[in-house]
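Subject: Structure handover

Hello,

The structure is below, followed by notes on what was found in it. Please read the notes with the coordinates open.

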Amino acid sequence: MTHSLHRTGTPESLREDYVVLVTPAVGINNQGSQDKLREILDFIFDLGPTNIGSYETGTIFSGATIEEIKAKLSETPRVRVCFSSKEKVKHLIQFIKERDYGLSVTVSGLIDEVQGMARELGIKPHSVNLSLGVHGKVEDLPSPEVLEFITMCGHGMISASLVKKLIEGVKEGRYTPEKAAEEMARPCVCGIFNTERAAKLLAKYVQK
Amino acid sequence: MHIDQEKCIGCGICVSYCPANAITVENRKARIDAGKCLECGTCGRTRVVRCPRGAITEEETVYQRPRSIRKYFSDPMAYHVETKVPGRGTEEVKTNDVTGRVRRGQVGIAIEMGRPVLGASFVDIEKVTMALAREGITTFERDNPLTHLMADPARGIFTEEAKQCRVVSAIIEFTIPVEMLERTVATLKEVAKEIDTVFSLDLICRLDENGSIPVMAQLESLGIKPRLNAKINLGLGKPLKEV
Ligand code: SF4
Ligand code: SF4
């Protein structure tokens, strides 16, 4: 399951887009991991994530609270969180490293940026999942502008028609870019849709 | 998913949220085309689609075969009955530092059928698994729910029940020795011409001691340029598997 891998867009825009996943391995170290994840979630909330959610609750943009996310952690609990700031990601990784939780952590972002961050923190990354692009009937895909939003929810829950409608709404002045980005974020249940990046992308549609 | 015709006032709020374009409003009533609906659950989530009349509900049959196949492969909030893992696939690179699923000298391949946005039928998914099986790739990831729907993994064939289904996405996952990469990519490029949808292609590998990506040169010679963004396992898991 690779839902944070295929985000499209320019390197400049992807430089402000990170997804962090903390995942216990089922049957190996998931026993007793819930309390560790609750501590990590508290730290994340103090840090101020761009988006966060869970399969159990949905996201902060659809009304989930940190208490709800913490209370509903499953037997195979996971943290999925999205940041727009590399510095915040660095703080989070440093915290997890220092506490030595022993849970797997992956960061999705520009390869050079993530590797640079790992070097600064004295961490030796283990493995990588590379995106080798989209194949097949690519002519049926929506435009690259629409895909930049859609691919921020790797599960495909954000429809092309919603994105187009919200872009129109921004053009017509019915939505601010921020409001449209929050609206777009709601169908993404695990919280990796980056609203700050989306608002920046939407800002270009504001009529001058 | 079902819309109660008595309650619906035809406001159209729900229509644009459906990623499968399955909802239409006619004569001031919204309807769902069951053939198009992939059972992703989005329209029924009251925190997402604010239907003023609470008219959209899930039918019980959605948890019964064959409809349940759509549900488990399309709704990230539904747990797979077979694997107990939420979502569509496995932990892949997410826990590779602990599971050692993909070792040095190997690559993990994931073919995310239907992603982005288009969705996929098991008829198309089978075209890919059959092509792989002809190349000798018959061991698909055990913990992936898709593998549980195969009638004949040796030939990459799915059950008739599965073949009636369309889903938001399903992920074909397997591990191969790095020497097989070239042939596998060529097979995938060929079969990509035959399918009525898209797939996103992933390659998982261990990083070298110095952090470099060992398969980069090989990919370049295959004419593939990986995207500049990727998903990196930081190696903080324990016990760390250095295999
Ligand atoms: S369940 Fe998903 S695919 Fe089906 S009608 Fe609702 S939003 Fe569309
Ligand atoms: S949001 Fe509810 S009331 Fe409005 S069209 Fe859809 S089902 Fe009908």
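A residue counts as near a ligand if one of its heavy atoms lies within 4 Å of it. The model is predicted.

Ligands. Ligand 1 has 13 residues around it, and those that come nearest are B:Cys18, B:Cys37, B:Leu38, B:Cys40 and B:Cys43. By class, this shell holds ten nonpolar, two polar and one charged residue. The shell around ligand 2 includes B:Cys8, B:Cys11, B:Cys14 and B:Cys51, along with B:Ile3, B:Ile9, B:Ile13 and B:Ile56. Ten residues around ligand 2 are nonpolar and two are polar, with no charged residue.

Interface. Contacts between the two chains involve 82 residues of chain A and 75 of chain B. Together the chains bury about 7,000 Å², with 59% of it on carbon and sulfur atoms. The rule finds 42 residue pairs in polar contact across this interface. On the side of chain A that touches chain B, the largest share comes from E6(A), with ten residues. That side of chain A is made up of 35 nonpolar, 34 polar and 13 charged residues. Five salt bridges are found between chain A and chain B. A:Asp100 and B:Lys238 form a salt bridge, with their closest N and O atoms 2.4 Å apart.

Helix H9 of chain A. This helix covers residues 195-203, and its buried residues include A:Arg197, A:Leu201 and A:Leu202. The buried residues of H9(A) pack against helices H1, H6, H7 and H8 of chain A. At the N-terminal end, A:Asn194 caps H9(A), with a side-chain oxygen 3.1 Å from the backbone nitrogen of A:Glu196.

Regards

Methods:
Residues numbered from 1 in each chain as written. Chains lettered and ligands numbered in written order. Predicted model: local features only at pLDDT ≥ 70, side-chain atom pairs only at ≥ 80, totals over all residues. Heavy atoms only, no water. Nonpolar A, V, L, I, M, F, W, Y, C, P; charged D, E, K, R; others polar. Buried < 20%, exposed > 50% of the residue type's maximum accessible area, 1.4 Å probe, protein only. Helix = DSSP H or I, 4+ residues; strand = E, 2+ residues; numbered from the N terminus. Contact = heavy atoms within 4.5 Å. Polar contact = N/O pair within 3.5 Å; in protein donor to acceptor, adjacent residues only side chain to side chain. Buried area = accessible area lost by both parts, 1.4 Å probe. Salt bridge = Lys/Arg side-chain N within 4 Å of Asp/Glu carboxyl O.
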